[in-house]
Amino acid sequence: MPFEAIIGMEVHAHLQTGSKMFCGCRAVFGAEPNTHCCPVCLGLPGVLPVANKKAIEGVVETALALSCEVQKHSRFARKNYYYPDLPKNYQISQFDEPLSRDGYIEIDVDGATKRIRIRRVHLEEDTGKSLHAPDGTSLQDYNRCGVPLMEIVSEPEMNSPAEARAYLLALQSLLRYIGVSTASPEQGAMRCEPTVNVRDTETGEVTGLVELKNLNSFRAVHDAIAYEIERQKKALAEGAELPARETRRWNVERGMTTTMRHKESSDEYRYFPEPDLLPMALSDEWIEEVRRALPELPRARRERLVEQYGIPEYDAGVLTGTREMADYFEECTRLHADAKAAANWVMVDLMGKLNETGIPITDCKVTPEHLAKMLDMIAAGTISGKIGKQVFEDMFETGKLPDVICQERNLTLISDDEAVRAVVDEVLADSPNIVADYLGGKDRAAAALMGQIMKKTQGKVDPKLANKILREKLAAKRDEATSG
Ligand code: ZN
Ligand code: MN
């Protein structure tokens, strides 16, 4: 059966503001439960909210980075519902007049670029967090109540789990580049709720929309969507009855989704304009000021790296994965001219060690200066690339400069002409049989002699120079043999 999966994404991301959305409490992750609360964020009677300007700025930055239209006029709305993690019994959110609308983000899947439209980015406050103990008790931590939260809603324009994952990675990278959010799913700072349904492309028949919840990693998002597509495809093929709208939970242990609730109509939240807060009126000047202060965005930077340094598109994509990584690479390239060599060392050796140890690049002992200096030494023939690997390991452990390490460990290459000649002479004198083979016409014997030279020097001889001298000496011996 020809079919098409239709995937939309709603992302909630914490804004890094220091304080909460409508009060002065600190917005921190991982503090002792209920230590960052006050009458405002606990919703006690008679309190008044004051909007956090930095949070509004964060949403405007995000909206601009997503090419959205920032709304000069917008307002907060009350979303009314009762839940234990919501002590006010309403959430201050935005409804009919959000801060921004109509943007897009570009994603790459299988070598093709696709544009996913963004319906809106709005500002709201987070709820508290329910903790369910194994004995069935539920506890509430209100530290998260009132933490500034933005909601980013896409159009349902993704068609595969891979596209959904690419969308989340692109969005995460963007939020981190502009520095508005840690966008860390592990800390609940980036939470994703996809909607999935399936269309029979021949008959046009579609399954009911399913909202997926309880996804705390991008891997879970990918797997839950993949499962859901198969489930709905099967139901469609079998003509099974599905609810018009359903919320399902991902069960990571069982690798399947299970039903949470059926919705026949959308939830009735009785939204109304928030009476305690004035509407927001943003000036063109202020919006332009925010736009001007935005850093170079990941895709633009990727394209520039390809253009400016002549590195492959793939490399540029990896290097611009985070702003810090791109900064590291560019600093290294500023100090050492061979950009492709710098790219390789950053992507393979540096990223390999960072992944292996879990050390963030900002705490890495190998600075761009260290790496550039080592690349200079390799380029000058002072050490080989192979020795460079050892030096790199050592730099990563100790933070010492590469020349200091080479000196201490006696790793510098023998690249002095006289010294190399002496080694070659010794090897030739020690290996009369191999030399005889060579003179007898076996060209491959030269490689064996080269092997002896490397062995004798423990790999510390400049291989190009040694090979050149060896060839010269062998040619001379051959001339001697033929003339004699
Ligand atoms: Zn508070
Ligand atoms: Mn929301």
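View 1. The expected span is 1.5 Å times one less than the number of residues, and helices here are DSSP runs (H or I, at least four residues; strands are E, at least two), numbered from the N terminus. This is a predicted model, where local features need pLDDT of at least 70, side-chain atom pairs count only at pLDDT 80 or more, and totals for chains, interfaces and linings use all residues. Residues are numbered from 1 along each chain as its sequence is written, chains are lettered from A and ligands numbered from 1 in the order written, and side-chain values use heavy atoms, leaving out hydrogens and water.

View 2. Buried residues (under 20% relative accessible area; exposed is over 50%, partly exposed in between; 1.4 Å probe, protein chains only) include Phe218, Val221, Ile225, Ile229 and Leu236. The face turned away carries exposed Arg219, Lys234, Ala237 and Glu238.

**View 3. Tyr167 in the core.** In the largest nonpolar core, 71 residues, Ile152 and Tyr167 touch the most other members. Such a core is a set of buried Ala, Val, Leu, Ile, Met, Phe, Trp, Tyr and Cys residues joined through side-chain atoms within 4.5 Å. Beyond neighbours within four places in sequence, Tyr167 contacts (heavy atoms within 4.5 Å) residues including Met9, Ile105 and Ile152.
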